Amino acid sequence: LMAGSAPNSIQIKGWQITTTKSTILTSAETEEAKRSLNVPTLPEMFFAKSSLDFTHLSTKFQISFNSFDSLKEWDPNNNSIKVACSKAWADSREMTKVLPQMSYDWTFNTTYKGTVTNPFEKNEDNLGVPVRTNEKIDLQKLTARDEILHYDEFFLFEDELSDNGIALLDIKTRVMPKFFYCLMRYFLRVDGVLFRMKDVRLYHEFGTDHLLREYQHKESLYQNIKLPQDPAQVSNPNVIGPLLEVKDLYVEKIRIS
């Protein structure tokens, strides 16, 4: 059993919400995880047992966000990032030297949106099944000044791309008296080349029969955005995010009753 902090949990309005944080892997655990995931490498800091779980107690429906499953949605063979880097760095001998000469996607570009455990048998109502919807998460409700009953944030993985930028996946969650909400964010910065950001938002208002899950993918080439003057801000998703071009955006509704 990997070391880590004890689970942090709250039970409210028929839901159990639990965060578990783990330490990074030992060398032996890293090799075992690589074999299990069938991948050539892992992020420098991979918190393999870290997770955030939302469990509906009466139905046993669950949606969780965990490090291990996030890399199941990473395709190492999709190496489009190398093409982008090669083009952007072609005129720079210095950058060409440090271009990672890997034959795989070394940015850990994941399409992960969470792991759904659906206890419902197949039914006409599609209970437990994410279905595209025109509904939206009401972001105004997130600004409510109600008491925060539960809050947590942690990394699922992080890698500095051989000093060529950063790729990270982190998650934040909070539980308020009327709802719970979480944001899982993949943020990528490849120096001199591009920024990419993928946000997964999950929202449930207590007393309703469904959850809403929003997926947004944004990215832009370095040359197409005005970088902040403060160099420290180029790794701040809250500063970079609004500058990026939206590539995909949709909301799914998951009914549980």
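Predicted model: local features only at pLDDT ≥ 70, side-chain atom pairs only at ≥ 80, totals over all residues.
Biologist: Is His-217 buried or exposed, and which residues does His-217 touch?

Modeller: The relative accessibility of His-217 is 15%. Buried means under 20%, so His-217 counts as buried. Leaving aside residues up to four places away in sequence, the residues that His-217 touches are Arg-196, Met-197, Lys-198, Glu-245, Val-246, Lys-247 and Asp-248.

Biologist: Which residue forms a salt bridge with Arg-201, and which strands hold the two residues?

Modeller: Arg-201 pairs with Glu-214, and their closest N and O atoms are 3.4 Å apart.

Biologist: Are Arg-201 and Glu-214 buried or exposed?

Modeller: Arg-201 has a relative accessibility of 14%, and Glu-214 has a relative accessible area of 13%. Because buried means under 20%, Arg-201 counts as buried, and Glu-214 is likewise buried.

Biologist: Which residues are linked with Arg-201 and Glu-214 in a network of salt bridges?

Modeller: The pair of Arg-201 and Glu-214 belongs to a network of salt bridges.

Biologist: Which residue forms a salt bridge with Glu-252, and where do the two partners lie?

Modeller: Glu-252 forms its salt bridge with Lys-113, with 3.4 Å between the closest N and O atoms. The pair links distant parts of the chain, 139 residues apart. Glu-252 lies in strand S13 (residues 245-255), and Lys-113 lies in the loop between helix H4 (93-98) and strand S6 (115-117).

Biologist: What are the relative accessibility values of Glu-252 and Lys-113?

Modeller: Glu-252 is buried, and Lys-113 also counts as buried. The values are 7% for Glu-252 and 17% for Lys-113.

Biologist: How does the accessibility of Arg-189 and Asp-191 compare with the cut-off, and what is their N to O distance?

Modeller: Arg-189, at 10%, is buried. Asp-191, at 23%, counts as partly exposed, because buried means under 20%. Their side chains meet in a salt bridge, with an N to O distance of 2.7 Å.

Biologist: Over which residues does pLDDT stay under 50?

Modeller: The protein chain averages a pLDDT of 89, and 88% of the residues score at least 70. One stretch, with 10 contacts beyond four places in sequence, stays under 50: residues 91-99.

Key
Residues numbered from 1 in each chain as written. Heavy atoms only, no water. Salt bridge = Lys/Arg side-chain N within 4 Å of Asp/Glu carboxyl O. Helix = DSSP H or I, 4+ residues; strand = E, 2+ residues; numbered from the N terminus. Buried < 20%, exposed > 50% of the residue type's maximum accessible area, 1.4 Å probe, protein only. pLDDT = per-residue confidence, 0-100. Contact = heavy atoms within 4.5 Å.
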